[in-house]
Amino acid sequence: MLAVDLDGTLLRSNMLHETFWSSFGRNWKSPFTAAHALLRGRAALKRHLAQTGRVDVTTLPYDAEVLAYVQAWRDRGGRTVLVTATDQAVAERIAAHLNLFDEVHGTGDGRNLKGSIKADFLQKRFGDRGFSYAGDAYADVPVWQVAEKAITVNAVPKLRQKSEAVARSTEHLTTGAPTVRAYARAVRPHQWLKNILVFLPMLAAHQLEVPTIGQALLAFLSFSLIASSVYVVNDLLDLGADRAHPRKRHRPFAAGTIPIEHGIWMAAGLFASGLAAAAPLGLSFLLVVLLYYSMTTAYSLYFKRRIVMDICLLAGLYTIRIIAGGAATGIELSVWLLAFSIFFFFSLAAVKRQAELVDSARRKQLTARGRGYHVDDLPMISMIAIASGYVSVLVLALYVNSPTVAALYATPQGLWGICAVLLYWITKTVMLAHRGQMQDDPVVYAARDRGSQLCFLLTLGLAVWSSAL
C-alpha cells in the first residue's frame, strides 16, 4: 500500500491556503467568518473554507513526477491511498479528478488528519509497517516512524536525515524547488515602470535640483515596494482566474513554483519596506501611499468585478502616483496635469479591459473571468478607450495656449508635436487591442513595443526642444 500526502507532495501548493484565498477573493468578510470557524477547531475551519472557497481542482498545480510515481506503483499492481489533512470533501474531488487512488481519507468529523493523528490512523488501518508513505514536511515524521518505507518529496537535507533515522528504508524524490528567479517574477519588477509617474510633477514644473531628484527617487522606491506587495496579494486572490488564463497560469503562485504560504510573508515584508522608504518623505507622502494601498486592496477584493467602477479605480491608481510625486517633492500639482492624467489613464484602463475581452472572445468565453464584463461590451469599451484618450489630447492642446506654458517653455509651439504623437499612439493602441495584438497591460506593452518606444523618445525630444530653445 502506498499512502500519499497532498499538500507539498502530490500538489505544489497547500489546500488550506488555496481555499482561504479563494474564499477571501469571493467575499472580503471571509477572514472574519474563518476566524469564527477556527474557534471550533482546525477541522471546522477547513470545512468552512472548503464550502466558501470554490477551488477548481482540475487546474491545481499537481506535481507531474509524483503523479507518475503513483501511477507506476499502480501499474505494478500496488494499491494507493490519498491521506491528507485537507478537508474530506476537497480530497474526494481531487481524487476523483486524478483517478489514481483506491481510497481517500481527509480531515473531517472534528479530526484533523495530520502528524501523529495521521500516523495512528494509517497504523490502525493498514497495520504496523503495512504501508509506504510519501510526504514532504516535519509533520510527516510520526507517519514515517510506523511506515515500511519513507518517501520524501523535495525535502530539505535535515528532513531527509530525519526520515532516514526513523524509517526502515527511504527514497528521496526531488522534483523541483523554488528559485530566486521565481520570487523575482512574483514581485513583477517590470510593473515598476508605472511608478516613473512620480517623476512627472518634478519634470512638468522644471524643478531638477538634486534634493528634488533624490526625493523623487525615494518615492519611486517606496511605490515600487508597495506595488509589489499589492501584486503578490492580487496573485493570491486571483489564483483560480490566473490558472484559467493561457498566459497568467505561468505566474509563480498559480503554477506552484513558489509555495503559496510564502505569499503572505512576501506581501508583508514588501509593504513594511515600502513604508520604511516612505517615512523620510513626510506625512503627506505616507498618507498618499496608504491611500494607494487601500485603493488597490479595494480593487482586488471588490471593484475589479464591478463594471465602470473598475476602470475609474484603475485610472485613479495611475493618477495617484503623480499626486504622490507632488507630495514627495513638495511641488504643487497643476490642474492641467491632473486633468490630462485622469482622461489619459482612464483611456489606458479601458484599453486593458478591451484587450482582456478580445482575448476572451478568441477563446470563446462569454465573459472575462473575474471581471464584470461580457464580450458584447467590446464596442462600448473601445469607444470609452478612444474617446477618453482624445479628450486627454484636447486637454493638452488647451494647456499649450494657457499663460502657464509661456512662463515655462521657450518654444511652446513644440508641444503641438506632442499632441500629434499622442493622437497617433492612442489610436494605434486601441487598434492593436481591437485586433488582439496586445498584452493585457498597455503600459507594459508600450515599454516593450518598438513603435511605442520611438513615440516616447519623440515626445521627450519635443519637450526638451520646447523648454530649451
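Me: Is Leu454 buried or exposed?

Reply: A caveat first: the model is predicted, local features need pLDDT of at least 70, side-chain atom pairs count only at pLDDT 80 or more, and totals for chains, interfaces and linings use all residues. Residues are numbered from 1 along each chain as its sequence is written, and side-chain values use heavy atoms, without hydrogens and water. Buried means under 20% relative accessible area, exposed over 50%, partly exposed in between (1.4 Å probe, protein chains only). Leu454 has 53% relative accessibility, so Leu454 counts as exposed.

Me: Which helix holds Leu454?

Reply: Helices are DSSP runs (H or I, at least four residues), numbered from the N terminus. Leu454 falls within residues 450–468, which is helix H22.

Me: Which residues have the most contacts inside the largest nonpolar core?

Reply: A nonpolar core is a set of buried Ala, Val, Leu, Ile, Met, Phe, Trp, Tyr and Cys residues joined through side-chain atoms within 4.5 Å. The largest one has 90 residues. Those with the most contacts inside it are Phe253, Phe285, Tyr292, Phe344 and Phe345.

Me: What does Phe285 contact, leaving aside neighbours within four places in sequence?

Reply: Contact means heavy atoms within 4.5 Å. By that cut-off, the partners of Phe285 are Ala219, Ser222, Phe223, Ala278, Ala324, Ala327 and Ala328.

Me: What share of the chain is buried?

Reply: The chain has 469 residues. The share that counts as buried is 51%.

Methods: Helix = DSSP H or I, 4+ residues; strand = E, 2+ residues; numbered from the N terminus.
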